[in-house]
Amino acid sequence: MLTEWTRNKVRVNMNELDFILVKPAGPDCNLNCEYCFYLEKAALFPESPVHRMGEDTLKILIRQSSELNSQQITFGWQGGEPLLMGLPFFKHAVLLQKEFFKGRFVENTFQTNGIFIDRDWGKFFRENHFLLGLSIDGPQEIHDRFRRNGKGSFERVMAAWKILQEENVEVNSVTSVHRESQDCVDEIYSFLKEIGFHWMQFIPIVERDPKSPRSIRSFSVTPKGYGDFLCRLFDHWLKGFHLGKSTTPIRWFESLFFSFVGLEAPECTLKKNCGQYLVVEYNGDVYPCDFFVEPGWKLGNIHQDHLAHLAQSHRRQEFARRKRVADAHCMKCRWLRFCYGGCPKDRFKGQLNYLCPAYSCFFQHAEPTMKKMAGLWKSDNRIG
């Protein structure tokens with residue numbers, strides 16, 4: 001329990017920024033997945049149909065990051081699809097990190113659909129110790145359902161996965177859970193484990209219908225379906241333990257365990273406050289969260305503002321506080337200390353989270369086991 005990955009994320013100080021999510025190609029992607037929430041962000045940048053971070057913006061970003069009052073910095077390269085930037089861009093980014101950080105520890109994570117990964121990419125990721133999140137939704141019939149408008153990308157993702165394995169790149173699976181996969185947890189988990197993933201992340205798809213903002217898109221999970229998914233997945237996670245340690249960590253469960261041992265969960269959906277990182281778009285625009293890359297939450301731009309100032313800005317503090325629960329149902333809920341009302345993006349009706357029934361179902365299912373595990377962990381670590 002409490003893997004090294006999650007240990008390294010337990011630093012929550014609004015005045016200390018240690019994670020920067022970078023969108024070097026903005027919302028651009030070489031796929032057109034039906035459930036993707038970020039493709040529509042292209043409307044924010046109408047000046048060009050193609051969005052790519054320039055060398056000057058990259059240099060300013062890394063220089064300012066090196067000037068932050070943080071023990072270490074993690075750059076999370078995401079999109080859209082960051083592979084669209086090409087390998088020379090990231091080779092230059094690593095050189096700039098070495099130049100400005102002067103030996104201090106820098107971590108790079110990278111989320112990708114894998115389509116462009118070849119042997120050169122694999123060697124680069126291995127040699128520079130990148131941690132990859134590879135988007136894969138399960139077996140082919142599940143993965144391809146909403147990927148590339150139903151045309152699919154499964155075979156190319158599997159080819160990328162093979163290269164990454166052969167190059168010994170550290171890779172986590174990133175699996176989207178939608179309406180048509182929420183009942184397929186056994187198949188998805190077994191498939192991911194069988195092909196060799198030892199760290200998994202599952203993301204529920206909940207998207208508003210733009211024609212009716214108080215309704216959701218048809219591909220979104222249902223609260224009951226996602227609750228059942230979490231319960232069944234939790235049981236699989238427990239079966240994967242050996243000598244008291246998880247052999248297949250699942251991010252949400254590992255994060256939740258922090259709460260049971262009296263620590264703050266590193267997963268943002270389980271925190272009291274939002275805004276634990278900053279998003280830097282391709283043109284230098286800065287936002288407090290990639291789910292809220294929208295005009296009303298733009299904090300500034302690194303060409304005019306310093307990341308250190310934006311990290312401590314009143315607007316960012318305001319964003320952090322917006323998660324604080326006001327709904328009467330939540331305030332009386334016995335599970336409030338675990339989810340704090342969930343992610344604000346999923347609060348559709350007043351302040352009540354759309355996934356609230358799913359969380360309640362899961363917490364009811366998992367609490368007895370989590371309590372026992374927490375007691376053992378505290379005993380082993382001499383914590384009262």
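Analyst: In what follows Ala, Val, Leu, Ile, Met, Phe, Trp, Tyr, Cys and Pro count as nonpolar, Asp, Glu, Lys and Arg as charged, and the others, Gly among them, as polar. By that rule the lining of the largest pocket divides into eleven nonpolar, eight polar and seven charged residues. This is a predicted model, in which local features need pLDDT of at least 70 and side-chain atom pairs count only at pLDDT 80 or more, while totals for chains, interfaces and linings use all residues. Residues are numbered from 1 along each chain as its sequence is written, and side-chain values use heavy atoms, with hydrogens and water left out.

User: What makes a residue part of the lining of the largest pocket, and which lie nearest its centre?

Analyst: A pocket is an open set of points on a 1 Å grid over the protein atoms alone, where a 1.4 Å probe fits, with protein on both sides within 12 Å along at least five of seven lines; a lining residue has an atom within 4 Å of a point. For the largest pocket 26 residues line the space, and Val106, Glu107, Asn108, Asn128 and His129 lie nearest its centre. Two or more residues each come from α3 (87-101), β3 (106-112), α4 (119-127) and β5 (170-177); helices (H or I, at least four residues) and strands (E, at least two) are DSSP runs, numbered from the N terminus. The most, four residues, come from α3.

User: How much space lies in the largest pocket?

Analyst: About 520 Å³, where a volume is the space filled by probe spheres set on the points, and points are joined across faces, edges and corners.

User: How does the lining of the second largest pocket divide?

Analyst: Into nine nonpolar, no polar and ten charged residues. The space there is about 430 Å³. Among the 19 lining residues, Phe37, Glu40, Lys41, Glu207 and Arg208 are closest to the centre.

User: Why does Arg147 count as buried?

Analyst: Buried means under 20% relative accessible area, exposed over 50%, and partly exposed in between (1.4 Å probe, protein chains only). Arg147 has 6% relative accessibility, so it counts as buried. Arg147 lies in the loop between α5 (140-143) and α6 (154-166). Beyond neighbours within four places in sequence, Arg147 is in contact (heavy atoms within 4.5 Å) with residues including Leu31, Tyr35, Asp137 and Ser176.

User: Why is His129 called exposed, and what is its phi?

Analyst: With a relative accessible area of 67%, His129 is exposed. Its phi is positive, about 60 degrees, although His129 is not a glycine. Most residues other than glycine have a negative phi, and most peptide bonds are trans. Asn168, in the loop between α6 and β5, also has a positive phi, near 60 degrees.

User: What is the omega of the peptide bond from Gly79 to Gly80?

Analyst: Omega is near 10 degrees, and the bond is cis. Gly80 lies in the loop between β2 (73-77) and α3.

User: How confident is the predictor in the chain?

Analyst: pLDDT is the predictor's confidence in each residue, from 0 to 100. The chain averages 91, and 93% of the residues score at least 70. Over residues 1-15 pLDDT stays under 50.
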